[in-house]
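Please look through the report below, which goes with the sequence and the 3D structure.

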Amino acid sequence: MKKLRIDETLYIKTPGFLSEQRIRKGPVAIIECTQDIPCNPCETICPRKAIKIGLPITNPPEIDEAKCSGCGLCVLWCPGLAIFVLNYNFDKIRASLTIPYEMLPLPGKNEKIKCLDRNGKYVCKGKIEKVTPPKKNSRTSLITFSFQKKYFNTVRGFKK
Amino acid sequence: MEEKELVIIGAGPAGLCAAIEARKKNIDVLIIDENIKPGGQLFKQIHRFFGSKQHMAGIRGITIGEKLLEEVEKLQANVWLDSTAYGIFGNRIAGVIKSRKKNVTVKAKAILIAAGAVENPISFEGWTLPGVMGAGACQTMINIHRVLPGKKALMIGAGNVGLIVAYQMLQAGIEVKAVIEIMPKINGYMVHAAKIKRFGVPIFLSTTILEASGKNEVEAAVICPVDQDYKPILKRTKSLDVDLICIAAGLQPLNELLCQAGCQFTYKPYLGGNVALHNENMETTIDGIFVAGDCSGIEEASTAMEEGKLAGIAIAEKIRKRKWDDEKLEVRNRLNDFRIGTFGEKRKISKMEIEKEYYEKVKN
Ligand SMILES: Cc1cc2nc3c(=O)[nH]c(=O)nc-3n(C[C@H](O)[C@H](O)[C@H](O)COP(=O)(O)OP(=O)(O)OC[C@H]3O[C@@H](n4cnc5c(N)ncnc54)[C@H](O)[C@@H]3O)c2cc1C
Ligand code: SF4
Ligand code: SF4
């Protein structure tokens, strides 16, 4: 049976995806949203005006690599759960990814996890680095987890 | 018989927004809903909505529902809950079973029908077994009643509803074995598909269901790929171990009351099927009967809210014999802003056609 596959190369060179050069410099938002969705909270919420959609609001989001600091606010607010913050320089050997998380129970800090790719397939081992529970009534948590640097464009989720 | 200026049937986003606008203009409003809590679909939509700031983007449906209810309460609109409108008679008279007990008729200067939509069923062998249900029904059970209708599920249909409900099933702790889609590509947004893919849920394209099997309830689903002509390739069937099969094959406007009122219809596939003709004020071909939200063509909560507002203002104009053109223009602009993109554009064109057909019919 034919399965829908989300390829690693799908988002490279789309306006929400930065050059590898910028990614290697430090925390930055990676936006995996390329269709004409009438949606723009990522643009309105960013305190640094690093995301541009403009008019019509169906334009796909474009990220400005100089302006984004990787603060993660857009990750929290994106209704498509399509934005992640990637920190390539988490430490010498590992990168980290911050994702929006809407499942319970939340994982614990330092918990060992299995990192998954965009299709939910196992990639490598990882570790939970930070858990930010929902603020006020946002009902979304942010989870930061680390894994080997070389998988920075492969890992997009985890399971316990 | 009771008398009211405006009777609104359905307390979803469309009905509530209409009530708010009409109350602001001091119209005497009665809202009727068959549920024990107002809000329509909003309270089962625990996800954040797309949109822009004006459309409350990034806010969850459930939170939007809470805000609307607060406002309705503040403006003191009458609400009858657990009450079903069963008919529209003669000169704008609604027949209602109030609180499941008493048969009451209400005469109104205007009636707004904002009754929402009904899910499209699809039939296959075993589809009447307990455990086969609409995706919306499953969503109501998990998010409102907090009951798990099953442990292992198959979702039929990869439109936005199928994808979103599959994700919410994961949130509720249901194992989603697969989402199947008969078309060679998904009809919903990639971001919604990506959300469930990341949790390892397979989405099978060009695949259909042949059978729900089981003795007294669903015990398995037999699925099968289809060829270019959508014919099942029978030698490649596969059985999935599931106890729940959800159908997300689209919605159609809930037209019974509009039919009964004598409204004229037109067929608009991009709006879910037969839609009551209505003009730019949301008035149908029957004088004083208005329509808004999914009932006037399947769209989204955001458009349902704007249409509700438009109907509320237009009804106040009609009753008070005044004009609030600027306010209506603002709402129409927001509606147009929202009807863009792959899905929106087609709906916008259909809506324009409906208005044109309305004037052709009303003139003759
Ligand atoms: C899974 C899913 C996801 C969605 N996601 C989004 C999204 O992200 N963004 C978005 O904008 N929209 C979304 N929508 C669409 C949105 O929910 C609907 O378009 C919207 O709720 C329609 O509003 P409405 O007021 O017309 O109808 P409804 O919300 O359906 O309300 C109608 C009410 O009328 C009542 N009623 C019907 N008949 C009678 C009667 N005879 N007597 C008394 N009461 C009656 C019903 O019980 C109901 O309470 C989604 C829908 C689904 C199913
Ligand atoms: S991570 Fe922060 S700075 Fe970067 S785009 Fe998102 S909100 Fe803006
Ligand atoms: S908020 Fe998310 S879904 Fe909406 S446009 Fe931005 S990236 Fe896309």
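## Basis of the model

This is a predicted model, in which local features need pLDDT of at least 70 and side-chain atom pairs count only at pLDDT 80 or more, while totals for chains, interfaces and linings use all residues. Residues are numbered from 1 along each chain as its sequence is written, chains are lettered from A and ligands numbered from 1 in the order in which they are written, and side-chain values use heavy atoms, with hydrogens and water left out.

## Contact between chain A and chain B

Chain A brings 42 residues to the contact and chain B brings 41 residues, where contact means heavy atoms within 4.5 Å. About 3,600 Å² is buried between the two chains, 62% of it on carbon and sulfur atoms; buried area is the accessible area (1.4 Å probe) that two parts lose on being put together, summed over both. Of the area that chain A buries against chain B, 22% comes from Met1(A), Leu4(A) and Met103(A), more than from any other three residues.

Between chain A and chain B there is 1 salt bridge, that is, a side-chain nitrogen of Lys or Arg within 4 Å of a carboxyl oxygen of Asp or Glu. Arg60(B) and Glu102(A) form a salt bridge through their side chains, at 3.0 Å from N to O. On the side of chain A that touches chain B, helix H2 (41-45) and helix H3 (73-77) of chain A each supply at least two residues; helices (H or I, at least four residues) and strands (E, at least two) are DSSP runs, numbered from the N terminus.

## The second largest pocket

The volume of the second largest pocket is about 600 Å³. A pocket is an open set of points on a 1 Å grid over the protein atoms alone, where a 1.4 Å probe fits, with protein on both sides within 12 Å along at least five of seven lines, and lining residues have an atom within 4 Å of a point. Grid points are joined across faces, edges and corners, and a volume is the space filled by probe spheres set on the points.

In all, 29 residues line this pocket, and Leu73(A), Leu76(A), Trp77(A), Lys135(A) and Leu142(A) lie nearest its centre. Both chains take part: the elements that each supply at least two lining residues include H3 and strand S4 (83-87) of chain A and helix H2 (61-74) of chain B.

## Salt bridges

Over all chains, the structure holds 28 salt bridges. One of them joins the side chains of Arg92(B) and Asp287(B), at 3.8 Å from N to O. This pair links distant parts of the chain, 195 residues apart: Arg92(B) is in the loop between strand S4 (84-89) and strand S5 (93-98) of chain B, and Asp287(B) in the loop between strand S18 (273-276) and strand S19 (289-291) of chain B. Lys177(B) and Glu175(B) also meet in a salt bridge, at 3.6 Å from N to O.

## Backbone

A cis peptide bond runs from Leu55(A) to Pro56(A), with omega near -10°. Pro56(A) is placed in the loop between strand S2 (51-52) and strand S3 (62-63) of chain A. The peptide bond from Leu104(A) to Pro105(A) is also cis, with omega near -5°.

Gln76(B) is not a glycine, yet has a positive phi of about 55°. In chain B, Gln76(B) lies in the loop between H2 and strand S3 (78-80).
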